[in-house]
Amino acid sequence: MELSLLFFVESIALGVGLAMDAFSVSLADGMHEPCIRRGKMVGIAALFAFFQAAMPLIGWVCVHTIVEIFLGFSSFIPWIALALLVIIGGKMLLDGIRNKEEECACAAVGIGAIIVQAVATSIDALSVGFTIAEYDLLFAILAALIIAAVTFPICLLGVFIGKKFGDKLSCRAQIFGGVVLILIGIEIFITGLLG
């Protein structure tokens, strides 16, 4: 295989497609924490980018080594993503309903929740390992880096937009963010079952 414009276009398109769920979740994170600092915004985007890049590589490794085990596991991916996002989204939703306006002014999203969100939104990218299976290791790594490079600014934009709306919406932003996470979990679940 050789580098071509088509390789870059396909990798960028793959990155954009994979980043859409991560964008929505980062939007919800920004709404949940309207006083979020720039460093944390960058950290959230970096975590989403890391996992969006890591999952296709893990899938690629599975295809080239333990494909039978991966195929058995792949049927559980929609269930895992649904469970993780419903749990986190449900907690945000309940917090938004229970809290008074002054308590919602700057609720923080914990690092553990962000990591779980990053894993949950990228776990379906494991199957991308099948689509890049014909790549050699160098091209698989390059594709993963392109996916990360695309995901990072998309998620950073999501957190930024969410922060702007979160400033205005306060507790309602937590409720909205929780609903968004639950809906993304359901979307990943339905897509995984149908697709």
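The model is predicted, and local features need pLDDT of at least 70, side-chain atom pairs count only at pLDDT 80 or more, and totals for chains, interfaces and linings use all residues. Residues are numbered from 1 along each chain as its sequence is written, and side-chain values use heavy atoms, with hydrogens and water left out.

The mean pLDDT (the predictor's confidence in each residue, from 0 to 100) is 84 for the chain, and 88% of the residues score at least 70. Among the helices (DSSP runs of H or I, at least four residues, numbered from the N terminus), helix 2 (residues 38-64) has the highest confidence in the chain at a mean of 93, whereas helix 5 (residues 101-104) has the lowest at 55. Where pLDDT is low, the predicted coordinates should not be read in detail.

Across the whole structure there are five aromatic pairs, for which rings of Phe, Tyr and Trp (its six-membered ring) must have centres within 6.5 Å, with planes under 30 degrees apart counting as stacked, over 60 as edge-to-face and the rest as tilted. Two of the pairs involve Phe 7.

| Pair | Centre to centre | Angle between planes | Class |
|---|---|---|---|
| Phe 7 and Phe 8 | 5.5 Å | 80° | edge-to-face |
| Phe 7 and Phe 139 | 5.3 Å | 90° | edge-to-face |

Because Phe 7 lies in helix 1 (residues 5-32) and Phe 139 in helix 8 (residues 137-169), their pair ties together parts that are 132 residues apart in sequence. Phe 7 and Phe 139 are both buried (under 20% relative accessible area, with exposed over 50% and partly exposed in between, for a 1.4 Å probe and protein chains only). Phe 7 has 1% relative accessibility, while Phe 8 is partly exposed at 31%. Phe 7, Phe 8 and Phe 139 form one aromatic cluster together with Tyr 135.

Terms used:
Helix = DSSP H or I, 4+ residues; strand = E, 2+ residues; numbered from the N terminus.
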